[in-house]
Amino acid sequence: MTATTAEMDARAVGLGLFEKWLSVWVGAAILAGIALGNLAPGVFAALASIEYASVNLVVAALIWAMIFPMMVSVDFGAVRRVGDKPRGLIITLVVNWLVKPFTMAALGVLFFEVVFADLIAPADAQQYIAGLILLGAAPCTAMVFVWSQLTRGDPAYTLVQVAANDLIMIVAFAPIVALLLGVTDITVPWETLLLSVALYVVIPLAAGAFVRHRLLARRGGDEAAVTGFVGRMKPLSIVGLLLTVLLLFGFQAETIVARPLLIALIAAPIVLQSYGIFLIAYGWAKAWNVPHAVAAPCALIGTSNFFELAVAVAIGLFGLGSGAALATVVGVLVEVPVMLSLVAIANRTRGSFPAP
């Protein structure tokens with residue numbers, strides 16, 4: 001056994017243990033959030049009220065902590081070379097905009113008009129379908145950097161994929177939602193969209209670029225300085241993830257306890273959609289021989305959702321207490337556990353993809 005092989009095996013074992021314990025910690029954070037949200041609802045209501053344009057600023061700060069290490073890792077020279085390998089970007093854009101919104105709508109109709117028809121009133125069913133459509137038409141902007149980091153994704157390529165999605169979202173989100181909902185008065189909450197892009201992409205990217213420049217300048221361009229800094233920052237990233245999970249479940253703790261069956265019914269098509277979209281994108285990437293560092297993030301981007309935008313539009317169209325708003329919130333609750341399971345699948349299948 002060569003030293004290189006031994007190092008790779010050691011990293012694989014370490015990654016497996018990390019995934020196992022991270023799942024345990026996330027599970028504990030979910031339970032703690034539900035418990036604390038019911039024990040101290042006033043505290044979580046106060047935290048939930050710290051928002052602007054439907055973006056919770058406490059959660060935004062935690063997500064910033066999560067994604068900052070990956071932003072420091074972004075090599076802008078590599079960003080310019082992404083166009084030389086367009087397959088991962090093509091997969092992301094096709095799946096996100098030509099597949100995902102329509103499969104989510106189809107699953108919503110299947111589950112709420114057929115499978116759960118005897119359990120849910122028709123008027124409520126239409127609300128839940130609308131919420132699912134809003135989720136399906138809003139690909140992720142922020143958390144995907146976390147999932148990419150956990151799969152050792154290419155930071156530069158992930159950044160370009162997210163940026164391309166954000167640009168398309170500006171022009172495509174409203175028409176797709178209007179088409180699938182059958183309404184014509186969709187108003188895009190521009191404050192939510194632009195604030196989220198600024199908070200989750202522009203500001204952390206600028207800060208990451210500044211820190212990266214300073215690190216390289218001090219060490220004569222040695223990338224080891226960046227690698228060491230990112231390694232030291234990763235515990236902060238994990239703490240941010242756990243606290244985010246705790247808060248998200250704490251915000252909805254009373255609803256989860258009061259209406260567990262309804263939460264489970266709404267979650268069913270979202271979970272099925274998540275795994276289905278991942279398999280489509282990931283399988284396509286494998287068939288196209290896309291390297292794993294690009295394939296994993298491009299599949300995870302399509303699976304994850306821009307929940308701030310979906311929630312804001314649901315509230316604007318249907319009201320705060322509507323079934324559509326509830327469906328988008330369930331999407332938030334489902335996302336982290338499901339995405340961690342997909343991260344685990346991606347990491348365990350790394351060896352079946354070509355080397356970069």
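Helices (H or I, at least four residues) and strands (E, at least two) are DSSP runs numbered from the N terminus. The model is predicted: local features need pLDDT of at least 70, side-chain atom pairs count only at pLDDT 80 or more, and totals for chains, interfaces and linings use all residues. Residues are numbered from 1 along each chain as its sequence is written, and side-chain values use heavy atoms, leaving out hydrogens and water.

Among the buried residues of H6 (under 20% relative accessible area, with a 1.4 Å probe and protein chains only) are Ala125, Tyr128 and Ile129, as well as Leu132, Ile133, Leu134 and Leu135.

## Nonpolar cores

A nonpolar core is a set of buried Ala, Val, Leu, Ile, Met, Phe, Trp, Tyr and Cys residues joined through side-chain atoms within 4.5 Å. The largest one has 115 residues, of which Phe112, Met143, Trp147, Phe173 and Ile266 touch the most other members. Helix H15 gives the most to this core, with 15 residues. A second, separate core has 10 residues, including Val211, Leu216, Ala225 and Phe229.

Contact means heavy atoms within 4.5 Å. Not counting residues up to four places away in sequence, Phe173 touches Trp97, Leu134, Ala137, Ala138, Ile168, Val188, Leu309 and Val313.

## Ser274 in helix H12

Ser274 is located in helix H12. Its relative accessibility is 7%, so Ser274 counts as buried. Apart from neighbours within four places in sequence, Ser274 is in contact with Thr303, Val338 and Leu342.

## The chain as a whole

The protein chain has 15 helices and two strands. Its radius of gyration is 20 Å, close to the 21 Å that the globule rule gives for 356 residues, so the chain is as compact as a globular protein of that length. The radius is taken over C-alpha atoms, and the rule is 2.2 Å times the number of residues to the power 0.38. Along its principal axes, the C-alpha trace spans about 65 × 45 × 40 Å.

Buried residues make up 53% of the 356 residues. Of the contacts in the chain with a separation of 6 or more, 86% are between residues 24 or more positions apart.

How values were computed. Buried means under 20% relative accessible area, exposed over 50%, partly exposed in between (1.4 Å probe, protein chains only).
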